[in-house]
Amino acid sequence: MHKNNGICTFVNTLTKELMKIAIGNDHAGTEYKLAIIGLLKSMNIEVNNHGTDGADSVDYPDFVHPVAKEVESGAVNFGIIICGSGNGASMTANKHQKVRSALCWTKEIVGLAREHNDANVLSIPARFVSLPQALEMVKTFLNTDFEGGRHERRVEKIACS
């Protein structure tokens with residue numbers, strides 16, 4: 001993160017490019033997704049929106065797989081996925097080999113998921129956290145670095161061979 005004239009800009013420290021985030025949601029997460037996109041854009045983060053923008057019932061895998069594919073390929077820095085419980089979305093994302101999706105319901109859990117597990121996708125349970133909580137969780141996700149060290153060898157053991 002860099003501050004320029006009081007404006008925070010999230011920049012990929014390796015490539016110096018603006019941070020990119022893919023976001024996807026089902027019908028339960030539309031309101032949260034729209035608020036999160038507003039937050040991300042205010043932080044000068046580029047957003048790839050793969051979610052539904054409506055309230056009609058849809059199937060979360062249709063919107064989560066594109067997010068996970070972009071994280072897996074490196075097209076984006078992180079992913080954010082939202083469904084009612086967060087479970088189905090997280091399970092779907094974790095089918096992708098290079099994805100470490102963390103289902104979180106507090107900013108403290110989000111911090112640990114980044115610090116200890118190098119989570120690259122945040123799964124938000126829209127029916128179990130308030131919108132202000134969800135926005136704080138996103139901020140924590142973006143502002144917390146992976147600690148590495150003893151956690152690195154554990155993260156390396158997550159992937160199946």
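The model I am reading is a predicted one.

I placed Thr 140 in helix H5. Leaving out residues up to four places away in sequence, I listed its contacts as Lys 107, Val 110 and Gly 111.

Next I followed helix H5 itself. H5 lies across E3, E5 and E7, and I noted its direction at about 170 degrees to E7.

I then went through the sheet. It is open, with five strands in the order E4-E3-E5-E7-E6 and parallel pairing. Strand E4 (46–49) and strand E6 (101–103) are the edge strands, each pairing on one side only. From one strand to the next I have an average twist of 20 degrees.

For the pair E5 and E7, which run parallel, I have five bridges. Ile 80 stands opposite Leu 122 in E7.

Last I checked the nonpolar cores. The largest has 28 residues, and Leu 40, Ile 80, Ile 124, Val 138 and Leu 142 have the most contacts inside it. Two or more residues come from each of strand E3 (20–25), helix H1 (30–42), strand E5 (78–83), helix H4 (107–117), strand E7 (121–125) and helix H5 (131–143). I also recorded a second, separate core of twelve residues, with Ala 22, Val 67, Ala 89 and Val 99 among them.

Methods: Residues are numbered from 1 along each chain as its sequence is written. This is a predicted model: local features need pLDDT of at least 70, side-chain atom pairs count only at pLDDT 80 or more; totals for chains, interfaces and linings use all residues. Side-chain values use heavy atoms; hydrogens and water are left out. A nonpolar core is a set of buried Ala, Val, Leu, Ile, Met, Phe, Trp, Tyr and Cys residues joined through side-chain atoms within 4.5 Å. Buried means under 20% relative accessible area, exposed over 50%, partly exposed in between (1.4 Å probe, protein chains only). Helices (H or I, at least four residues) and strands (E, at least two) are DSSP runs, numbered from the N terminus. Two strands pair if DSSP finds at least two bridges between them. Axes are lines fitted to C-alpha atoms, for helices over the stretch in contact, and angles run from 0 to 180 degrees between N-to-C directions. Contact means heavy atoms within 4.5 Å.
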